[in-house]
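Please open the structure in your viewer and keep the selection tool at hand. The tour below moves from the whole chain to single residues, with a stop at each selection.

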Amino acid sequence: GIFLAPKHADFVSRFILHAAKRDSTIVDCFGGSGSTAHAVIKLNRDDQGQRKYILVEANHYFDTVLKPRVLKAAYSRDWRDGKPISRNGISHCIKYLRLESYEDALNNIKDPQRTQQQELALEQNPRFREEYMLSYKLEREAKESVSLLNPTAFIDPFSYQLKVIQNDDTRYVTIDLVETFNYLLGLIVQRIRTIQAIRVIQGINRKNQRVLILWRNVERIDNDALDAWFIEQGFNCDEPTFDLLYVNGDNNLANLRSANQTWQSLLIDREFPHLMFDIQDALGE
């Protein structure tokens, strides 16, 4: 009863066969019940294609309708009364991202303490209140709010949490700052490892530069430990494997460059907010 007319996978398959190649990526900005994903899985199963799909959905039935349908389609071709009647599954990797909503962003903005006179002045002057909310409050009073990327996020980037509302339930969820930064950079990730509690990401950015990103809990791994680890891993050798180095927390890794190395060291704490909020600059780069 959620969908009045969910599209059958065979119906969507016709469009894909007509317009796409066997290795195309099919994008559906209104994921709905998951018909597009189902169709792609079905076609790949039939002709051993390498098609991929990207679905976007904003409604609550993602967890109850869309994702279960995709999982079932990958597990078996045929279902009856909620049970698979064949075991011809297909090798499949599903990754889903949950983005911060507008409501979540507002709910996580720190509300400053104001005097009774200040509150009265805001109530009596709607135009002034709007200017205050959009400029001074966000830029000054609420700049350390969670949804505006509190600077403390980079002390322990693996435990940063946001208060969200899902299915009328408010709870705290851990935000993946590591992956968010990869997306902000437009990074083609080639390898992700965790070596002695340091997250290591290697990839290529949009300028075709080789990128190395190091994430750590600054309180657990200080600069001396980071220096020793960096040398132990051979990142300061004469044959550098990267052009840009990003590290969270103040550090002195640039001092470890050998005479033949020209890589540039950048502080994640500065670059992250710049890429996240300075939209025009980020697009220009």
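## A tour by selection

Begin by selecting C237, which counts as partly exposed at 34% relative accessibility. Then select C93, a residue that counts as exposed, with a relative accessibility of 73%. While these cysteines are highlighted, you may look for sulfur–sulfur links, but the structure holds zero disulfides. As background to that search, a disulfide is a covalent bond between the sulfur atoms of two cysteines.

Now clear the selection and show the whole protein chain, keeping in mind that this is a predicted model. In a cartoon view, the secondary structure of the chain comes to 10 helices and 11 strands. The chain has 285 residues, and buried residues make up 34% of them. If you switch to a surface view, the chain exposes about 18,400 Å², of which carbon and sulfur atoms supply 50%. Contacts can be considered as well: among those between residues at least 6 apart in sequence, 53% join residues at least 24 apart.

The next stop is inside a loop. Select β9, residues 210-215, together with α8, residues 223-232, and then look at the loop between them, where N217 is found. Is N217 buried or exposed? With a relative accessible area of 12%, N217 is buried, because that value falls under the 20% cut-off.

The last two stops concern backbone angles. Most residues other than glycine have a negative phi.

Select D81 in the loop between β3, residues 79-80, and β4, residues 83-84. Although D81 is not a glycine, it has a positive phi of about 55°. D81 counts as exposed, at 76% relative accessibility.

Finally, move to the loop between β8, residues 198-204, and β9, and select N208 there. What is the phi of N208? The angle is near 65°, a positive value in a residue other than glycine. N208 is also exposed, with a relative accessible area of 62%.

Conventions:
Residues numbered from 1 in each chain as written. Predicted model: local features only at pLDDT ≥ 70, side-chain atom pairs only at ≥ 80, totals over all residues. Heavy atoms only, no water. Helix = DSSP H or I, 4+ residues; strand = E, 2+ residues; numbered from the N terminus. Buried < 20%, exposed > 50% of the residue type's maximum accessible area, 1.4 Å probe, protein only. Contact = heavy atoms within 4.5 Å. Areas by Shrake-Rupley, 256 points an atom, 1.4 Å probe, with all protein chains shown as cover. Disulfide = S-S within 2.5 Å.
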